[in-house]
Amino acid sequence: MTTRPEAGELDPLSTYPHEYAVDGAVHLNGNSLGAPRHSLVGELDRLVSEQWARRQVQGWFQDGWLDLPRTVGDKLAVLLGAAPGQVLVAGETTSTTLFNVIVAACRLRADRPVLLIEAESFPTDLYIAESVARLLDRRLVVASRADFDTHLREHGTRVAAAVASPVDFRTGERRDIGATTALCHDVGAVSVWDLSHAAGVLPVELDANEVDLAIGCGYKYLGGGPGAPAFTYVPARHQPTVDFPLSGWHGHARPFAMTPTFEPADGIDRARTGTPPVLSLVGLSHALDPLVEVGIEALYQRSRELGELFLDHLGETRPDLLKQLASPRDPHHRGGHLALRIANADKVEHDLAAHGIHVDSRPPDLIRFAFAPLYVTADQVRRAVDSLCHVVQTMH
C-alpha cells in the first residue's frame, strides 16, 4: 500500500517547501515554470556583483562561465541516469535543441527514408519533425501511441529515427523507455526521446536503457525558470559520429582559433552552439541542487504519493469527478501529473486561479494537475481538491 505524505519532522522532505517562493498559492501547473527558491536572488546577485561587475569579460575564464554547459549538464546527468560527459546544456531553446537532435539522428541513418513520431507528441515536436522531414526529404510517419511500436516492428528497417516521449503531455501516461529503445535497436533505428515532462520527476535511466539521443527543457519539474535552456544527451558511443546541423563556434574543436571551416569538438562539446547564456545557466544550476540532493527515486516516490493523495481525496469528496480521470489509475503508469476531463476546462482553470490554485487546461476538456515533489505539500493537495470541487459545484 502506498504511504501518503504527511507534514511532520519524520518526513525527510518536509523542510524543502520552505525553500521555495510560492506566495501562498498552490502550484500544480505543469506548464513552463516551477517555483523559484528564495535563495535564487542571492545567487544571481553574487554572479552579477562578484563576478560580472568585478571581472567582466574575464569571468568567462576565471569564474568557469565557459564550462557551464558541461558542469550544469553533469549535474543534470545525475537525475537522468547518465554518466558524466554525456549531457550538455548548450543554452538553446527546447525547439532548437530538438531540431538539432532529430536532424543528427537522421544523419546517423542517412540511407533510411522514414522519420517516425508519435501522434500524441507535444505540438512543437510534431512541427519540428515535419520541418526536418521536408528539409531532409524524408517521409514523416505520424503513428498513434498504440501503433508506434507496431510500426517499428513491421516497418522499422526503413525508419531512420523514432521520436517519442516517456510521458504523454496531456494525460501523464508513461511509455517504457527501455522497451521502445530496445525495439528501435532491433530494427536499427535511432531512438530520440523528449524528456521535457519526465526530467526531474521520473527515473529515465538513459545509460541503462541505452538511449541513443535525448533532449528536454530546463523548466517544468527542473524549475530552471522562464525559458530555461534545454539539454542534450549524447551517449559516449555516438559522440565521435553524431553530426549536428547547428555547428556554432563553441562546438568547434578550437573555438578561439577562428578558422573558416568547422571542425567538431571531441565529446559532448560538439553539441555546443553559440555563446552560452550565463545567467540562465546559473539559474538552472541553482534549481538543480536540491533535486540532486534528494535524488530521482525519492522525487518520483513523493510525486507519486501526492498524486495518489489527490485521487483518494477526490474520491472521498466527489467520486463522480474521479470517474472523469483521463490518466492511468495505476500510479506506476503515470508520470508526475494527471488529468481530469471536465467541461469548460478553461473556465475551471481561471476560477481555480482566483482561489490561488494554479493548474492548466488542455483542449478540449482536460485539466492537468502536476505534482512537483519538493514544493507541493499534502495540505496543498487537499486544498486543491476542495477548491476544485467547489468551483465545479458552483458552475452547475
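## A look at the fold and its pocket

In this predicted model, 72% of the chain's contacts with a separation of 6 or more are between residues 24 or more positions apart. Of the 396 residues, 55% count as buried. The chain holds 12 helices and 12 strands.

What about overall size? Picture a box drawn along the principal axes: the C-alpha atoms fill roughly 65 × 60 × 35 Å. The radius of gyration is 22 Å, and that agrees with a compact globule, because a globule of 396 residues would come out near 21 Å.

Now for the empty space. Rolling a probe the size of a water molecule over the atoms shows where such space is left. The largest pocket here has a volume of about 510 Å³. It is lined by 33 residues, and the closest to its centre are G34, A35, P36, G223 and G225.

Which kinds of residue make up the lining of the largest pocket, by class?

| Class | Residues in the lining |
|---|---|
| nonpolar | 18 residues |
| polar | 14 residues |

Looking at helices, α1 (40–55) and α8 (278–294) each supply at least two residues of the lining. Which element gives the most to the lining of the largest pocket? That's α8, with 6 residues.

Notes: Residues are numbered from 1 along each chain as its sequence is written. This is a predicted model: local features need pLDDT of at least 70, side-chain atom pairs count only at pLDDT 80 or more; totals for chains, interfaces and linings use all residues. Side-chain values use heavy atoms; hydrogens and water are left out. On a 1 Å grid over the protein atoms alone, a cavity is a set of points where a 1.4 Å probe fits but cannot get out, and a pocket is an open set with protein on both sides within 12 Å along at least five of seven lines; lining residues have an atom within 4 Å of a point. Grid points are joined across faces, edges and corners, and a volume is the space filled by probe spheres set on the points. Helices (H or I, at least four residues) and strands (E, at least two) are DSSP runs, numbered from the N terminus. Ala, Val, Leu, Ile, Met, Phe, Trp, Tyr, Cys and Pro count as nonpolar, Asp, Glu, Lys and Arg as charged, and the others, Gly among them, as polar. The radius of gyration is taken over C-alpha atoms; the globule rule is 2.2 Å times the number of residues to the power 0.38. Buried means under 20% relative accessible area, exposed over 50%, partly exposed in between (1.4 Å probe, protein chains only). Contact means heavy atoms within 4.5 Å.
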